[in-house]
Amino acid sequence: MRRLFLVGCLCLAAAVRAEGLAVPTAAPGPATSTAAPAVTITEVLQRSQQQRLAQRGAADPLSAASQRVQASFDRLVAMLPPGEPARLVLVGGDLFAEAQFDGRSVAVSEAVGDLPEGERLLMLAHELGHVRLEHWAALDGLYRRFIPGEVRPETTDPVAAALGAQAHALSHRHEFEADAFGFTLVRKLGFGVENALRLLTRQGQQPDGATHPGTRRRLAQLRSLDAQLGHALVSPAADIAVAAGTR
Ligand SMILES: [Zn+2]
């Protein structure tokens with residue numbers, strides 16, 4: 001069976017995770033068994049994300065590290081333009097942050113509380129960028145355009161290659177946009193490119209991956225943005241427009 005390529009990870013510093021997810025099919029059984037319910041691609045994407053979170057286990061919300069994550073998150077949310085309230089979901093496991101499919105939550109591991117403040121803020125601000133720029137909705141829309149109905153090999157196999165290529169391109173664009181959004185926000189708090197350099201090289205220089213551009217290109221964008229923001233005096237609204245690539 002061909003495998004439908006799903007891009008589900010929107011995290012900043014964690015290693016690129018691209019999941020090959022087997023397309024679900026009706027379970028084998030006696031001829032009299034009830035057919036498995038139809039599954040849409042949106043449900044597959046949501047389930048994939050929920051499974052990733054479930055594997056991480058729970059965080060201790062009262063730990064000092066969790067409290068630091070919450071404080072940084074609240075600090076950033078207070079700086080955002082008015083909009084849908086963002087919600088923090090603390091999880092266990094190693095360094096991890098991921099915008100959630102509901103379009104308003106960010107799952108963050110307790111371990112992020114052990115990062116230096118600037119790197120923690122940048123990691124969270126990047127994810128808030130994914131939320132505010134509605135990246136999950138765009139990715140979901142792309143998948144649904146290719147697979148509008150039930151997820152079955154007959155509906156996914158013919159489109160897998162074209163969908164994979166477009167999801168790859170869209171994910172890279174989203175990462176650049178979230179980087180710019182997050183960097184612009186955190187720069188206002190006095191954290192510059194060197195802060196981004198430390199965070200993005202924590203796991204070494206990464207090459208271009210399925211979902212994330214390589215470290216070199218991400219840093220190049222931030223250096224260019226830093227130069228733009230460092231020149232003309234711009235309003236906060238204009239800053240965000242720069243981050244979102246709308247000017
Ligand atoms: Zn991201």
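**A friendly first look at this predicted model**

Q: Are helix 7 and helix 8 roughly parallel or antiparallel to each other?
A: The axes of helix 7 (residues 193–200) and helix 8 (residues 215–230) come within 10 Å and cross at roughly 170 degrees. Angles over 145 degrees count as roughly antiparallel. Helix 7 and helix 8 are therefore roughly antiparallel.

Q: How many residues of the contact of helix 7 with helix 8 are nonpolar?
A: From helix 7, Val193, Ala196, Leu197 and Leu200 take part, and they meet Thr215, Arg218, Leu219, Leu222, Arg223 and Asp226 of helix 8. Sorted by type, the residues of this contact include 1 polar and 3 charged. The number of nonpolar ones is 6.

Q: What span should the 14 residues of helix 2 have, at 1.5 Å a residue?
A: Helix 2 covers residues 64–77. The expected span is 1.5 Å times one less than the number of residues.

Q: Which residues are exposed on the face of helix 2 turned away from its buried side?
A: Start with the buried residues of helix 2, which are Ser66, Val69, Ser72, Phe73 and Leu76. They cover an arc of only 130 degrees around the axis, so they sit on the same side of helix 2. The face turned away from that buried side carries Ala64, Ala71 and Asp74.

Q: Which helices are included in what covers the buried residues of helix 2?
A: Both strands and helices are part of this cover. Among the strands are strand 3 (87–91) and strand 5 (105–109). The helices included are helix 3 (117–132) and helix 6 (160–187).

Q: Does Ser105 count as buried, exposed or partly exposed, and why?
A: Ser105 lies in strand 5. Leaving aside neighbours within four places in sequence, Ser105 is in contact with Arg87, Val89 and Gln100. A residue is buried with 20 or more other C-beta atoms within 10 Å, and exposed with 12 or fewer. Because Ser105 has 16 C-beta neighbours inside 10 Å, it counts as partly exposed.

Technical notes:
Residues are numbered from 1 along each chain as its sequence is written. This is a predicted model: local features need pLDDT of at least 70, side-chain atom pairs count only at pLDDT 80 or more; totals for chains, interfaces and linings use all residues. Axes are lines fitted to C-alpha atoms, for helices over the stretch in contact, and angles run from 0 to 180 degrees between N-to-C directions. Helices (H or I, at least four residues) and strands (E, at least two) are DSSP runs, numbered from the N terminus. Angles under 35 degrees count as roughly parallel, over 145 as roughly antiparallel, 65 to 115 as roughly perpendicular and the rest as oblique. Two residues are in contact if their C-beta atoms, placed from the backbone, lie within 7 Å. Ala, Val, Leu, Ile, Met, Phe, Trp, Tyr, Cys and Pro count as nonpolar, Asp, Glu, Lys and Arg as charged, and the others, Gly among them, as polar. The arc is that of the directions from the helix axis to the C-beta atoms.
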